[in-house]
Amino acid sequence: MFISRKSLSRSVHDEHQEQPELVETRGGNLCTSVTVWRKSLIVTCKGFTVIDSNGNLVYRVDTYVGGRPMELVLMDGSGKPILTMRRSTNLRLVGTWLIYGGEVGEFCTSEKPVFYVKKSINILNANSNVLAYVYRRSSDKRYAYVIEGSYSHRSCKVLDETKRVVAEIRPKDALKRGISFGLEVFVLIVQAGFDPGYAMGLVLLLDQMFS
C-alpha cells in the first residue's frame, strides 16, 4: 500500500508552488532546494520521501520496520538505486558508514566506497558542534567534508575543507491550516557543484547516527 504522493505534495508545498527547484542565494549562486519527509511511501516500511518544489518525487528510501539497518539504499523517484550506504563491520572503523555508488553486492569485494562517514565522538573532540566527518579513503587523515550543527533540531551544515557550506539542513517553518510540519518535514539545500544525491545520503546517515 502506498501513501498518495499528490496529497503529500499539496500539504507540504502549497505555499511554495511558485518557487523553482533552482533558487538564487544572496551571493548569486544557484542551489537546489528539496523537501524531505521522514516517512516512506510504503505503509509497511519506514524511510524517507524527497520531493522538489513542483511536487515531483526525486528520492525515496524504503526499509522494513525493525531495528537499525546495516544497509540503506537511496533510490531516485523511479526506484532505481543510486547510493548504497553500509555500516562498517571493521573494528578499526567503528561508528563509520561506507557510501557506494549505485547498488552493490552482498560482500562488496570489487566495489570501492565513494565516501567514508564517521560519527564524531564528542568526548574526544573539543568542538562539540561537529556531528560527523566525511573521508574519501579510510586511510585519509584529513576529512573532505565536515558536518556541523544539530540534527535533532534539523539545523546542520556540510562544509568542505575551505569551510565553504556545500549543503544545509533547515527546519521547514510553516503552519498551514492548523497543521505544523514539525521535525518530520524539513528542507535540504544543496549548493551548485555538490551532488544532491550525496547530500541526501548524508542526511540518511545523520538520521541513523542521531535519531
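This is a predicted model: local features need pLDDT of at least 70, side-chain atom pairs count only at pLDDT 80 or more; totals for chains, interfaces and linings use all residues.
View 1. Cys 31 has a relative accessible area of 3% and is buried. Cys 45 has a relative accessibility of 11%, so Cys 45 also counts as buried, because the cut-off for buried is under 20%. The structure contains zero disulfides.

**View 2. Strand E7 and its cover.** Strand E7 spans residues 96-101. Of the six residues in E7, five are buried, and the strand is mostly covered. In a regular strand, side chains alternate between the two faces of the sheet.

**View 3. Thr 96 in strand E7**. The relative accessibility of Thr 96 is 3%, so this residue counts as buried. Leaving out residues up to four places away in sequence, Thr 96 touches Arg 86, Arg 87 and Ser 88 as well as Tyr 116, Val 117 and Lys 118.

**View 4. Pairing of E6 with E7**. Strand E6, residues 81-87, runs antiparallel to E7, and five bridges join the two strands. Within this pairing, Arg 87 stands opposite Trp 97 of E7. Arg 87 is also among the residues that Thr 96 touches.

**View 5. Pairing of E7 with E8**. Strand E8 covers residues 115-119 and pairs with E7 in the antiparallel sense through four bridges. Trp 97 stands opposite Val 117 in E8. Val 117 is also one of the contacts of Thr 96.

Terms used: Residues are numbered from 1 along each chain as its sequence is written. Side-chain values use heavy atoms; hydrogens and water are left out. Buried means under 20% relative accessible area, exposed over 50%, partly exposed in between (1.4 Å probe, protein chains only). Contact means heavy atoms within 4.5 Å. A disulfide is a pair of cysteine sulfur atoms within 2.5 Å. Two strands pair if DSSP finds at least two bridges between them.
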